[in-house]
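Dear colleague,

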Amino acid sequence: MLQACCVEYIILESDNLSSLFPNAHISMGGFEMDSHHLFALMTTLAVLPTVWLRDLSVLSYISAGGVVASVLVVFSLFWAGLVDDVGIHSKGTVLNLGTLPVAIGLYGYCYSGHAVFPNIYTSMAQPSRFPTVLLAWYLKLLKLPTSSQKLNSADDDFNLPGFIFAWFCYPCSFSICTLMYAGVAYMGYTMFGESTESQFTLNLPQDLAVSKVAVWTTVVNPFTKYALTMSPVAMSLEELIPSNHRKSHMYAICIRTALVISTLLVGLAIPFFGLVMSLIGSLLTMLVTLILPCACFLSILRGKATRLQGVACIIIIAVGIVSSVFGTHSALSKIVESLSS
C-alpha cells in the first residue's frame with residue numbers, strides 16, 4: 001500500500017508540472033518524451049537520493065515540511081474561493097450513485113498514512129511515549145531516532161496493549177485530517193462543481209498568484225513525503241539480506257533504487273491519479289484501516305472484549321469488506337476503460 005502511495009506521488013508531480021510547463025518535451029533522434037513522461041522521470045531522479053537515507057530521524061525533519069505544505073495548499077484553495085471569488089457557487093449533482101464506489105475508495109485513501117505507525121513505534125528510543133507522539137502527530141512534536149538505536153531499559157520494550165491503546169484512543173490526528181478533507185471537498189465542489197479535476201490545483205486559474213503558490217507547494221509536497229512513505233517497505237525487504245551482508249549499504253541502495261524505479265514504471269503505465277487513488281483506498285486502505293485493526297483487536301482480546309466492542313468491530317469489518325469489494329471492482333473497471341480508450 002505504501003509503495004502504491006509513492007506511485008501517486010509520481011503521478012501528482014507529473015500532472016502538476018505538466019500543467020505549469022505543457023510544452024516541455026525531449027526529442028532526440030527517434031526518441032520522444034512528452035511533458036508527463038519527462039517530469040515523471042525527473043521526479044524519480046530527484047527523490048531517489050532521499051530514499052537512500054536509512055535514518056528515520058533525518059526523514060522526520062524532511063517530512064515535517066510536508067505538514068506545512070499541506071496546510072498551505074488548503075489555505076490557497078480557500079483564499080482562491082473566498083477572496084478571489086474563483087468559480088464560487090458552481091452547480092452540480094449532490095449525490096451520484098454511479099461514482100459512489102470510486103468515492104468510497106477515495107475516502108479510504110485519505111486514511112492510509114497510519115500504515116507507517118508500526119515502523120515509527122519500533123524505531124523510537126522510548127516506544128512507551130508513542131501515545132503522546134500520536135496525539136501530537138500533526139504538530140510534529142516527535143523525535144524519531146535512528147533505526148539502529150537499541151532499547152536500553154525494560155520500559156522501552158514493545159508494549160502491545162499500549163500500542164493498541166494509542167491506535168484506538170487518540171483520534172486527534174485523524175480528526176484534523178477529517179476536518180481538512182471535508183473543508184477541501186466542500187470548497188472544491190462549491191467552486192468547480194462537476195468540472196472538478198482529480199487534483200483541484202489543475203482547476204485553479206494559472207494567472208492568479210495564489211494558484212501558483214498552490215501548484216508549486218503541491219509540487220514540493222511529495223518530495224517531503226516520498227522517502228518516509230517508502231522507508232517501511234524498504235526496511236522490510238532489507239530484512240531478507242543475509243546477516244553477513246547487512247552492514248553493507250550497497251544492498252540497501254540497490255533495493256531502494258529498484259523500489260523507486262518500480263513506482264515510476266507503474267506511474268507511467270497507469271497515469272490516472274484519481275482512479276489509482278480509489279483503487280489503493282478500496283483494495284488496500286480498507287484492509288489496513290478498517291478490517292485488520294478490528295480483526296486484530298478481537299483476536300488479541302478474545303473473550304475480554306465486551307459485547308458492544310465485539311458488535312462494533314464486526315460491523316466495521318463488514319462495512320470494510322463490502323466497501324473494498326465494490327470500490328475495487330469499480331476502480332479497476334474504470335482504469336481498464338481508460339486504458340482501452
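The buried residues of α12 are G310, C313, I317, G320, S323, S324, G327, T328, S330, A331 and I335, where buried means under 20% relative accessible area, exposed over 50% and partly exposed in between, with a 1.4 Å probe and protein chains only. The cover over these buried residues includes α4 (100-109) and α11 (273-301). Helices here are DSSP runs of H or I with at least four residues, strands are runs of E with at least two, and both are numbered from the N terminus.

Please keep in mind that this is a predicted model, in which local features need pLDDT of at least 70 and side-chain atom pairs count only at pLDDT 80 or more, while totals for chains, interfaces and linings use all residues. Residues are numbered from 1 along each chain as its sequence is written, and side-chain values use heavy atoms, with hydrogens and water left out.

Helix α12 spans residues 307-340, and its 34 residues reach 49 Å from the first C-alpha to the last, close to the 50 Å expected at 1.5 Å a residue, the expected span being 1.5 Å times one less than the number of residues.

E238 lies in helix α9 (residues 209-238) and counts as buried because its relative accessibility is 7%. Leaving aside neighbours within four places in sequence, E238 is in contact (heavy atoms within 4.5 Å) with R54, R246, A252, I255 and R256. From E238 to R256 the separation is 18 residues in sequence and 9.1 Å in space, C-alpha to C-alpha.

With regards
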